[in-house]
Amino acid sequence: MLAVIAALGLIAGSFAIANTSIGWHLASGNWVLDHRAVPRDDPFSTTAEGTPWIDHEWGFQVLLAAVERLGGAPLLVLTRALMVAALAVMLLVWGLRSGLSPPAATVLAALCLYGARIRFFLRPELATLLLAPAVVWIFLHRHERARRWWPLAIGVLMAAGANLHAGILVVPPLLAGLLAAESAQWLWTRRGPRPIASGALGLAVAAAVPALNPYGWRLYRVPIEIAHLVGLPHIPNPEWISPTFRDVPPLYVAIGVGLALLAVRERRLARWALLLMASALALRYVRNVGLFFALLPIAVAPALASLPALGRSGAAARRPAWRLVAAALAALVVASMTAQPGRRPALSFSDRFYPVRALAFIEQQGLAGAPLYNDVRFGGFLIRHFYPQRKAFLDDRNEIHEPLLAEIHAILGSSDPQAWQAMLDRYGVAVALLRYNPPFTVARPDGQTIGRRGFSALWFPDERWALLYWDDTAMVLVDRTTADPALIERQAYRVVRPDDAEALLGAIAADPALRPAAAAELARKLEEQPDCERALALSEQLLASR
């Protein structure tokens, strides 16, 4: 069962790298390795250069940078796979130590992997998914053996976590809740060892040791700043939303089943407290879903083990065939994970998530040195690709870019292209690397809407900006006032804007003379890139509109 769950964990973690922050994490790790120090202010962006920055994930970043230097993207993917496999093994071991039979513990571990899968990004959060549950497990089992090592173990894990990811700071509140539950139960029943003294020691160690990082007690500012930022309307961070049932069905199912199970089989208040606290964290922010499923076996496995069929002496333990059934079920769960979009095994960066071809075009056309606009999604990848030769306009470090994000939010909300262009001019932007956004509803000053337009058409209009390149991931535009006219004459698309299809079809309906030009530009794109799905879809729409 150990080999099965480890192998399945490796498979579950072996998919293409596709998250917005990995680029600046790698660049930060390289910066630390090159400078032998941690950054104190932002070195990577043109719009926030010199802004104070607490890089609380520097340790994990150094690990990633060293791994990439040794083996590139394949070794990075393997590193994530090994971490997911380690988590899978921990989940299995906690189930076994709680009294579950090997088949039952294997299935529980696989189901928890499935629930946590949406958080298996190659980012420092993986360290918290491993370390935080380990500290909670040690704390809850501190009375089982007469050993004095457990405070040291908590201290080591917390010190490591404080230099890998600030998410480890969730542990002291969890331990405080567990200690309160243990103390209440002891005061009520007077059974077992008194938890207050040892629990207070563990809590004190967990709370104090995170100060052993290059920023000291300032690390505790991170969750306070995050709590402030996530309440602001201009912070575009989907991982700080509250997940609905439609977003994460396994979370709601697991909470419901867990509460029902504890109601029937569990009388220890600490297990109740753990499940309730983990549920509250996950329901508050989607980024905590992974932590919920990492903690779930600690909360519910003892209650599951009390069921006759699932314990060590139950039917699932006595019959060897059940181990094959459990292995097959676990494999089926992981197979369903890998069958989902973006989860198939791959040892590379995703070229459908990152603007790989667009960046190649920028370099081929000699545009790499021009001041460039990018949005949040592409910022990290640009930092990895260009730094230190050039810096990004914006990335997803919200605490660094909060003033600029507020300005952008205000401009977009007012539908004011002049203010937008003034902002671009202030930073000298000559090239724009755009991702695809949903069409905007354009409003007049009197509040009336005048239809829906693509992002590029409204904010980078053809009168000022020429579209030179596009694919399924990104668009590249240049400022006509500063770009080489020969380059524009050679590369520009004069009719097609791939994110503005509604307006294109409407214009062709009003002026059929535009149809041949649009068809020619789409044919040109398909000749360059026959697998471009947007070009194929636009071509079909153009034919259907005849």
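User: Between which two helices does the loop with R142 lie, and is R142 buried or exposed?

Analyst: In this predicted model, R142 is placed in the loop that runs between α5 (125-140) and α6 (150-162). Its relative accessible area is 5%, and because buried means under 20%, R142 counts as buried.

User: Which side chain makes a polar contact with the side chain of R142, and at what distance?

Analyst: Setting aside residues up to four places away in sequence, R142 touches W150, L179, E182, P195, S198 and G199. With P195, the side chain of R142 reaches the backbone oxygen, at 3.2 Å. The side-chain to side-chain polar contact of R142 is made with E182, at 2.7 Å.

User: Where does T47 lie, and which backbone oxygen does its side chain reach?

Analyst: T47 belongs to the loop between α2 (22-35) and α3, and at 18% relative accessibility T47 counts as buried, because the cut-off is under 20%. Beyond residues up to four places away in sequence, T47 touches F393, H401, L404 and Y427. The side chain of T47 comes to 2.5 Å from a backbone oxygen, that of F393.

User: How are the axes of α3 and α12 oriented, roughly parallel or roughly antiparallel?

Analyst: Two packed helices are described by the angle between their axes and the distance between the axes. For helix α3 (residues 58-97) and helix α12 (residues 289-305), the axes come within 9 Å and cross at roughly 10 degrees. Angles under 35 degrees count as roughly parallel, so α3 and α12 are roughly parallel.

User: Which residues make the contact of α3 with α12, and how many of them are nonpolar, polar and charged?

Analyst: From α3 the contact is made by L87, L91, W94 and G95, and from α12 by F293, A294, P297, I298 and A301. Sorted by class, this contact has no charged residues, 1 polar residue and 8 nonpolar residues.

User: In what order do the strands of the open sheet lie, and which are the edge strands?

Analyst: The open sheet is formed by 4 strands with mixed pairing, and their order is β1-β2-β6-β5. A strand that pairs on one side only is an edge strand here, which applies to β1 (372-374) and β5. From one strand to the next, the twist averages 20 degrees.

User: Which strand pairs run parallel and which run antiparallel in this sheet?

Analyst: Strands of a sheet pair through backbone hydrogen bonds, either parallel or antiparallel. β1 and strand β2 (residues 431-434) are joined by 3 bridges and run parallel, with A432 in β2 as the bridge partner of Y373. β2 and β6 are joined by 4 bridges and run antiparallel, and there L433 stands opposite V476 in β6. β5 and β6, joined by 5 bridges, also run antiparallel.

User: How many residues of β5 and of β6 are buried, and which way do the residues of β6 point?

Analyst: β5 and β6 form a hairpin with 4 residues between them, and in β6 the bridge partner of Y469 is V476. Both strands are mostly covered, with 6 of 6 residues buried in β5 and 5 of 5 in β6. In a regular strand the side chains alternate between the two faces of the sheet. In β6, M475, L477 and D479 point one way and V476 and V478 the other way.

User: In which loop is T473, and which backbone oxygen does its side chain reach?

Analyst: T473 is found in the loop between β5 (465-470) and β6 (475-479), and its relative accessible area of 7% makes it buried. Leaving out residues up to four places away in sequence, T473 touches D351, R352, F353, Y354, P355, F378, L434, R435 and Y436. The side chain of T473 reaches, at 3.5 Å, the backbone oxygen of D351.

User: What separation do the C-alpha atoms of T473 and A280 have?

Analyst: Along the chain, T473 and A280 are 193 residues apart.

Methods. Residues numbered from 1 in each chain as written. Predicted model: local features only at pLDDT ≥ 70, side-chain atom pairs only at ≥ 80, totals over all residues. Heavy atoms only, no water. Buried < 20%, exposed > 50% of the residue type's maximum accessible area, 1.4 Å probe, protein only. Contact = heavy atoms within 4.5 Å. Polar contact = N/O pair within 3.5 Å; in protein donor to acceptor, adjacent residues only side chain to side chain. Pairing = 2+ DSSP bridges. Axes fitted to C-alpha atoms, helices over the stretch in contact; angles between N-to-C directions. Parallel < 35°, antiparallel > 145°, perpendicular 65-115°, else oblique. Nonpolar A, V, L, I, M, F, W, Y, C, P; charged D, E, K, R; others polar.
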